[in-house]
Amino acid sequence: MQELIEQIKSAGIVPVVKIDDAKDAVKLAAALRNGGINCAEITFRTGAAKESIRLISEKYPDMLIAAGTVLTVKQADDAIAAGAKFIVSPGLNPIVVKHCIEKGYPVIPGVCTPSEVEQAMSLGLTYLKFFPAEAAGGVKMIKAMAAPYTNIRFMPTGGINTSNLADYLNCKAVFACGGSWMVPSDKIADGKFDEIEKLTADAVKLLKEIRK
């Protein structure tokens, strides 16, 4: 798990992707890689998620692919079988999290309250998704929760874009950010992968400026 976390930290930004048709998966992955990001969270918001993860993992086995919006045990099993390196969920479902831990799947569940943080801690987790980040209080909320839970680190997702990315990444309790601004669903569906590559490259440029 620690090696995985270091990879996510190094990436800094995890594109959160909704793919409607698996035929677009490899082209999308290529656009992200060409733009400078070698990771992505493929969300189970559509029926194309499992096949998309499989296709990307086969084409680019070195790419750090997460399965996102994992709500059930079956989705977790399907995602790992397809090649996902780790599981991400919007909330903390103890049944799903315990299943992942028992199976040895790295899992980063979502939290947005102190009670959920403590529930995650009771399950032995210290790296958590903070969702929905902006709607749940943003950086101020993360800092407030990090004060009593000093060993917890967050990956905020939800409402993050170029205008507030620096605020999140400059927070010591944040180890990476999830975002979808560089991978709009309409551009994926329309095959505008050159534009996605440009948005990704711009995101990487901003990340480097923030980390100076």
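Start by selecting β6, β7 and β8. These three strands make an open sheet, lined up in the order β6-β7-β8, with parallel pairing. As this is a predicted model, keep in mind that you are touring a computed picture. Now pick out the two edges: β6 (110–111) and β8 (153–156) are the edge strands, and each of them pairs on one side only.

Zoom in on β7, residues 127–130. Four bridges tie β7 to β8, and the two run parallel. Which residue of β8 is the bridge partner of Leu 128? Select Phe 154 and you have found the partner.

The peptide bond from Phe 131 to Pro 132 is cis, and its omega is near -5°. Where does Pro 132 sit? Look at the loop that runs between β7 and α7 (138–146).

Thr 69 is not a glycine, yet its phi is positive, near 50°. Is Thr 69 buried or exposed? Its relative accessible area is 15%, which is under the 20% cut-off, so Thr 69 counts as buried.

Side chains of opposite charge can pair when their charged atoms come close. The count for this model comes to 11 salt bridges, and we'll visit some of them.

First up, select Arg 54 and Glu 58. They form a salt bridge, with 2.8 Å between the closest N and O atoms. Both residues belong to helix α3 (residues 49–59), and they sit four residues apart, about one turn of the helix. How open are they to the outside? Arg 54 has 30% relative accessibility, so it counts as partly exposed. Glu 58 comes in at 55%, so Glu 58 counts as exposed.

Next, hop over to helix α10 (residues 193–210) and select Lys 198 and Asp 202, which are four residues apart there, about one turn of the helix. This pair forms a salt bridge as well, and its closest N and O atoms are 2.9 Å apart. Asp 202 counts as partly exposed because its relative accessibility is 36%. While you have salt bridges on screen, select Lys 50, Lys 74 and Asp 78 too: salt bridges with shared partners join these three into one network.

One more pair before we move on: Lys 187 and Glu 195. Their side chains meet in a salt bridge at 2.5 Å, N to O. With 31% relative accessibility, Glu 195 counts as partly exposed.

Rolling a probe the size of a water molecule over the atoms shows where empty space is left. The largest pocket has a volume of about 300 Å³. Select Val 16, Arg 45, Thr 157, Gly 158 and Ser 180: of the 21 residues lining this pocket, these are the closest to its centre. Then colour β1 (13–17), β2 (39–43) and β9 (177–179), the elements that give two or more residues to that lining. By class, the lining holds eight nonpolar, nine polar and four charged residues.

The second largest pocket has a volume of about 160 Å³. Its lining includes Gln 7, Ser 10, Ala 11, Asp 62, Val 204 and Leu 207. Which elements give two or more residues to the lining here? They are α1 (2–11) and α10, and α1 gives the most, with three residues. This lining divides into six nonpolar, four polar and one charged.

Finally, zoom out and show the whole thing as a cartoon. The C-alpha trace spans about 45 × 40 × 30 Å along its principal axes. A compact globule of 212 residues would have a radius of gyration near 17 Å, and the protein's value of 16 Å agrees with that. If you colour by accessibility, 51% of the 212 residues count as buried.

Definitions and conventions:
Residues are numbered from 1 along each chain as its sequence is written. This is a predicted model: local features need pLDDT of at least 70, side-chain atom pairs count only at pLDDT 80 or more; totals for chains, interfaces and linings use all residues. Side-chain values use heavy atoms; hydrogens and water are left out. A salt bridge is a side-chain nitrogen of Lys or Arg within 4 Å of a carboxyl oxygen of Asp or Glu. Buried means under 20% relative accessible area, exposed over 50%, partly exposed in between (1.4 Å probe, protein chains only). On a 1 Å grid over the protein atoms alone, a cavity is a set of points where a 1.4 Å probe fits but cannot get out, and a pocket is an open set with protein on both sides within 12 Å along at least five of seven lines; lining residues have an atom within 4 Å of a point. Grid points are joined across faces, edges and corners, and a volume is the space filled by probe spheres set on the points. Ala, Val, Leu, Ile, Met, Phe, Trp, Tyr, Cys and Pro count as nonpolar, Asp, Glu, Lys and Arg as charged, and the others, Gly among them, as polar. Two strands pair if DSSP finds at least two bridges between them. The radius of gyration is taken over C-alpha atoms; the globule rule is 2.2 Å times the number of residues to the power 0.38.
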